[in-house]
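Work through the exercises below with the sequence and the coordinates open beside you. Each task is followed by a solution that goes step by step.

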Amino acid sequence: MAHEHKLAIFRGTLKFKNNIQKIWGVLIFLTLVTAVEVVLGIYKPEFLIETTFIRMKLLNWIFIILTIVKAYYITWDFMHMRDEVKGLRRAVVWTGIFLICYLVFILLTEGDYIFEVYNNGFQSWDF
Amino acid sequence: MDTTVTHNNSEGGTWSGGNQPLKASYGKLMMWFFIVSDALTFSGFLAAYGFSRFKFIDAWPIADEVFTHVPFVHGNFPMIYVAFMTFVLIMSSVTMVLAVDAGHHLKHKSVAFYMFLTIIGGIIFVGSQGWEWATFIKGDFGAVETKGGKILQFVDTEGNRLALADFAIEQASEREQHLGKNGIWYDKEATPTTYSIEEVKAGFAATPNALIRIQTLTEDGEKTVLSREASLAKLNKDGKQVVEGANLIHNEYGAPLFADFFFFITGFHGFHVFSGVLINIIIFFNVVLGTYERRGHYEMVEKVGLYWHFVDLVWVFVFTFFYLV
């Protein structure tokens, strides 16, 4: 078992001297991202709420993208996915991403359809 | 014996066994298998939450109004405590990865130290989660449920929330809780609420600045407030029972499904953290007793580390979809 770690993050822009430094660096980054999320969640800038992109508020897009960014760094640096071989990386990540995207697409489409049925049907649901 | 012994004398042949294309040990690979399947389980739950939310997209509870408390402090602080919990979990992930790193350098004492910190972090997180549950179950302002299962909440003319205790008028009543021991043995009712629906109705009629807030969201994403006349009519015509706090059937914050998914998903995650703490404790004692030092490597720490980071990873998503989006 070799314990060599790849020590650069952000596609090589930020290089660390050793693994422990990298861990603290990633912690600082994750904390920053979480802080941005919390601040946005508390203040909810009007511009981000009013603008929608593919039927979702810009703010929610930001939250979801930041979450995926955090997930990437947790998996890559804390779970050492960066140091695994390509085959293992792909077996884990692609399988998960594909199945999750499929499931989310199916369920959200169906949920939206049922909302339309409730909304446009002749039956009243509010009594 | 010959039949049970594996011979690794097939060097060179790619398909003749004995080589490790993924360059990872059996144990770590199995942990990755488990993580992938567990990730799919959690995504199933979160996607089901999304499904139910899309189904009632125009009337879903606003998380900022539900989770507003911080222990030992009074006031309205949406998100602060859950952000703290997120930080605790990320921090315990860091101590875990430091333990793994110390294990690579065979530093027996620092592995034990960092494992200990990780356990503490996990315990703080589970405790916070328990507190969060208790606050959610106890409830905040109280509400009235309609015959159709919709929730009516109370506000004053400025839009500030009114608790039932602010306006309900107490009336003498001889109503007792129906327990299984009196009356029909297989039939019983839940703990009675502090105020009855009649008391709330009377109090509401006598408080001129009280209005009703229904679940439907306005264009700005806020709850719709009815006019005084509409409020009185709605409460008297449709009001069925008082709801205080949340459980699997009634939920004063809005759709009962919200509470169901909250209990189920954060509960399942909390259970993962809890078992993670237990496994961490076992590994911690093994480290202290020197089991891995004698074995010559700390791979067990690495494996439990993978699990622990995964629990953190799931929380990042739960945090987003329950508290932010």
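**Exercise 1. Identify the residues through which H1(A) and H3(B) meet, then describe their packing and composition.**

Solution. Begin with the residues in contact (C-beta atoms, placed from the backbone, within 7 Å). On the H1(A) side they are Asn19(A), Ile20(A), Ile23(A), Leu27(A), Leu30(A), Thr31(A), Thr34(A) and Val38(A), and they meet Ala83(B), Thr86(B), Phe87(B), Ile90(B), Val94(B), Val97(B), Leu98(B) and Asp101(B) in H3(B). Sorted by class, the residues of this contact are eleven nonpolar, four polar and one charged, where Ala, Val, Leu, Ile, Met, Phe, Trp, Tyr, Cys and Pro count as nonpolar, Asp, Glu, Lys and Arg as charged, and the others, Gly among them, as polar.

Helices here are DSSP runs (H or I, at least four residues), as are strands (E, at least two), numbered from the N terminus.

Before going on, note the conventions: this is a predicted model, in which local features need pLDDT of at least 70 and side-chain atom pairs count only at pLDDT 80 or more, while totals for chains, interfaces and linings use all residues. Residues are numbered from 1 along each chain as its sequence is written, and chains are lettered from A and ligands numbered from 1 in the order in which they are written.

**Exercise 2. Determine how many residues of chain A are in contact with chain B, and which helix gives the most to that side.**

Solution. The count is 44 residues of chain A in contact with 45 residues of chain B. H1, helix H3 (58-78) and helix H4 (86-120) of chain A each supply at least two residues of the side that touches chain B, and H4(A) gives the most, with 16 residues. By class, this side of chain A has 26 nonpolar, twelve polar and six charged residues.

**Exercise 3. Compare the UniProt annotation "transmembrane region" with the model in chain A.**

Solution. The unreviewed UniProt entry places this annotation on residues 23-43, 58-79 and 91-109 of chain A; positions are given in the numbering used here, feature names are shortened, and annotations may be inferred rather than shown by experiment. In the model, residues 58-79 of chain A are 95% helix and 0% strand, with end C-alpha atoms 30 Å apart. Residues 91-109 of chain A are 100% helix and 0% strand, and their end C-alpha atoms lie 27 Å apart.

**Exercise 4. Find the residues that touch the most other members of the largest nonpolar core.**

Solution. A nonpolar core is a set of buried Ala, Val, Leu, Ile, Met, Phe, Trp, Tyr and Cys residues joined through C-beta atoms within 7 Å. A residue is buried if 20 or more other C-beta atoms lie within 10 Å of its own, exposed if 12 or fewer, and partly exposed in between. The largest core has 78 residues, of which Ala99(B), Val111(B), Met115(B) and Val314(B) touch the most other members. Helix H10 (residues 299-324) of chain B contributes the largest share of this core, 17 residues. Apart from this core lies another, of 19 residues, among them Leu152(B), Phe154(B), Leu211(B) and Ile214(B).

**Exercise 5. Decide whether Val273(B) is buried or exposed, and what Val273(B) touches.**

Solution. Val273(B) lies in helix H8 (residues 256-289) of chain B. Val273(B) is buried because 22 other C-beta atoms lie within 10 Å. Not counting residues up to four places away in sequence, Val273(B) touches Gly122(B), Phe125(B), Val126(B) and Val311(B).

**Exercise 6. Locate Arg55(A) and Phe72(B), and describe the phi of each.**

Solution. Arg55(A) is in the loop between strand S3 (52-53) and strand S4 (56-57) of chain A, and has a positive phi of about 60° although it is not a glycine. Phe72(B), in the loop between helix H2 (63-66) and H3 of chain B, has a positive phi near 70° and is likewise a residue other than glycine. Arg55(A) is exposed, with 6 other C-beta atoms within 10 Å, and Phe72(B) is exposed, with 5.

Technical notes
Two residues are in contact if their C-beta atoms, placed from the backbone, lie within 7 Å.
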